Amino acid sequence: MKVVKQLLSFYINSSVHVALSVYSLTWITLLEFDISYDENILYFVFYATITGYNFVKYFGIAKFHHRSLTNWLKAIQVFSFLCFFLMLYYGLKLNTKTLFCVAGFGIVTFLYAIPFLPKRFFLDQQHNLRTIGGLKIYLIALVWSGVTVFLPLINNDHVFNTDVMITGIQRYIFIIVLMLPFEIRDLRYDSLKLSTVPQKIGVKQTKIIGSLLLVVFFFLELFKDEVPFIIILLAIVVFTMLLLVFSKIEQGKYYSSFWVEGVPIFWLILVLIFY
């Protein structure tokens, strides 16, 4: 049992779980627009997510405590290093247009973790984008929606029509909602200056707003020319809404980091089973 717990902890802390979620959303986009399995973009997104997330999460720790790193953090560093090279390998197989977009998202990720602007713009001594009040959730949603919707379509030269734009908006909304249980959980730790959604409007109102956003997310599907997964989409909306409604400050250890973050994986499984 101890080994299983250690493996689960490494699976989550090394960002493999979140990478599978991003991978799943990207594959869902390919399926929705009837595009063949594109292993180059899918594997690139998977390894880039691990590299990017671990860089953001552990940059500060590695920078200031590199001589006293714990074994698990050293293992994550080695793992991230290998994923970085795999990211480069698959990145070299992407189209030039895709790489330009990747560069843009990469810069945002870099600035999210690295100090780069004067102190007056920030809430603490870190001076990076993640500490600007109210920005975090929207920045993450922007990157996720861009990577999981637009990158796979650009790499396969798909025409950007109304359905694509609606999907991009839906994905942005969906990621914002998925972030809310995390923000509710982190109320105990986040500085009030961060101005997270629960801090500004309270937990109850956050759940109401999130539920309304999920309704908007679903009904946007009806404006598309083709709606192949609408029943599955409804199931995902209900499941996500339940996770949001039952989220609380005192959450279980893996409530958000495993169950909430795993919703895209569940979504992909449903699509693969029924379509």
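In what order do the elements of the chain run from the N terminus on? They run α-α-α-α-α-α-α-α-α-α-α-α, and the secondary structure comes to 12 helices and 0 strands. The model described here is predicted. Buried residues make up 47% of the 275 residues in the chain. The points below treat the chain as a whole, then its core and surface, selected residues, and the salt bridges.

**The chain as a whole**

- Among the contacts in the chain with a separation of 6 or more, 72% are between residues 24 or more positions apart.
- The chain exposes about 14400 Å², and 70% of this area is supplied by carbon and sulfur atoms.

**The largest nonpolar core**

- The largest nonpolar core has 63 residues, and Phe174, Ile175, Phe217 and Trp267 touch the most other members.
- With 12 residues, helix α7 (residues 162-185) gives the most to this core.
- Apart from its neighbours within four places in sequence, Ile175 is in contact with Leu25, Ile140, Ala141 and Trp144.

**A nonpolar patch on the surface**

- Five names make up a nonpolar patch on the surface, namely Ile231, Ile269, Ile273, Phe274 and Tyr275, with about 590 Å² of accessible area together.
- Helix α12 (residues 263-274) gives the most to the nonpolar patch, with 3 residues.
- Ile231 belongs to helix α10 (residues 230-245).
- Ile231 counts as exposed because its relative accessibility is 61%, and the cut-off for exposed is over 50%.

- Ser257 is located in helix α11 (residues 255-260).
- Is Ser257 buried or exposed? Ser257 has a relative accessible area of 11%, so it is buried; the cut-off for buried is under 20%.
- A polar atom of the Ser257 side chain lies 3.4 Å from the backbone oxygen of Lys253.
- Not counting residues up to four places away in sequence, Ser257 touches Ile12, His17, Phe182 and Arg185.
- Asn155 has its place in helix α6 (residues 136-155), and it counts as buried because its relative accessibility is 9%.
- With neighbours within four places in sequence left aside, the contacts of Asn155 are Asp38, Ile41, Leu94, Asn95 and Thr98.

**Asn13 in helix α1**

- Asn13 lies in helix α1 and is partly exposed, with a relative accessible area of 28%.
- Which residues is Asn13 in contact with, leaving aside its neighbours within four places in sequence? Asn13 is in contact with Asn54, Lys57, Tyr58, Trp72 and Ile76.
- Asn13 and Lys57 are 44 residues apart in sequence, while their C-alpha atoms are 9.3 Å apart in space.

**Loop residues with a positive phi**

- Ser15 is not a glycine, yet it has a positive phi of about 75°.
- Ser15 is placed in the loop between α1 (2-13) and α2 (16-32), and its relative accessible area of 1% makes it buried.
- Asp157 is likewise not a glycine and has a positive phi of about 55°.
- Asp157 is found in the loop between α6 and α7, and it is exposed, with a relative accessible area of 53%.

**Salt bridges**

- Side chains of opposite charge can pair when their charged atoms come close.
- The count of salt bridges comes to 5.
- One of them joins the side chains of Lys224 and Glu32, at 2.5 Å from N to O. This pair links distant parts of the chain, 192 residues apart, with Lys224 in the loop between α9 (203-219) and α10 and Glu32 in helix α2. Both Lys224 and Glu32 are buried.
- Another salt bridge is formed by Asp157 with Lys97, whose closest N and O atoms are 3.2 Å apart. Here too distant parts of the chain are linked, 60 residues apart, with Asp157 in the loop between α6 and α7 and Lys97 in helix α5 (residues 96-113).
- Glu250 forms a salt bridge with Arg188, with 3.1 Å between the closest N and O atoms. Glu250 lies in the loop between α10 and α11 and Arg188 in the loop between α7 and α8 (197-201), so the pair ties together parts that are 62 residues apart in sequence.
- Glu250 counts as exposed at 53% relative accessibility, whereas Arg188 counts as partly exposed at 40%.

Conventions: Residues are numbered from 1 along each chain as its sequence is written. This is a predicted model: local features need pLDDT of at least 70, side-chain atom pairs count only at pLDDT 80 or more; totals for chains, interfaces and linings use all residues. Side-chain values use heavy atoms; hydrogens and water are left out. A nonpolar core is a set of buried Ala, Val, Leu, Ile, Met, Phe, Trp, Tyr and Cys residues joined through side-chain atoms within 4.5 Å. Buried means under 20% relative accessible area, exposed over 50%, partly exposed in between (1.4 Å probe, protein chains only). Helices (H or I, at least four residues) and strands (E, at least two) are DSSP runs, numbered from the N terminus. Contact means heavy atoms within 4.5 Å. Patches are made of residues with over 30% relative accessible area and no salt bridge: like charges are joined within 9 Å, nonpolar side chains (Val, Leu, Ile, Met, Phe, Trp, Tyr) within 5 Å. Accessible areas come from the Shrake-Rupley method with a 1.4 Å probe; for residues, only the protein chains shown count as cover. A salt bridge is a side-chain nitrogen of Lys or Arg within 4 Å of a carboxyl oxygen of Asp or Glu. A polar contact is a pair of N or O atoms within 3.5 Å; within protein, one must be able to donate a hydrogen and the other to accept it, and residues adjacent in sequence count only if both atoms are side-chain atoms.
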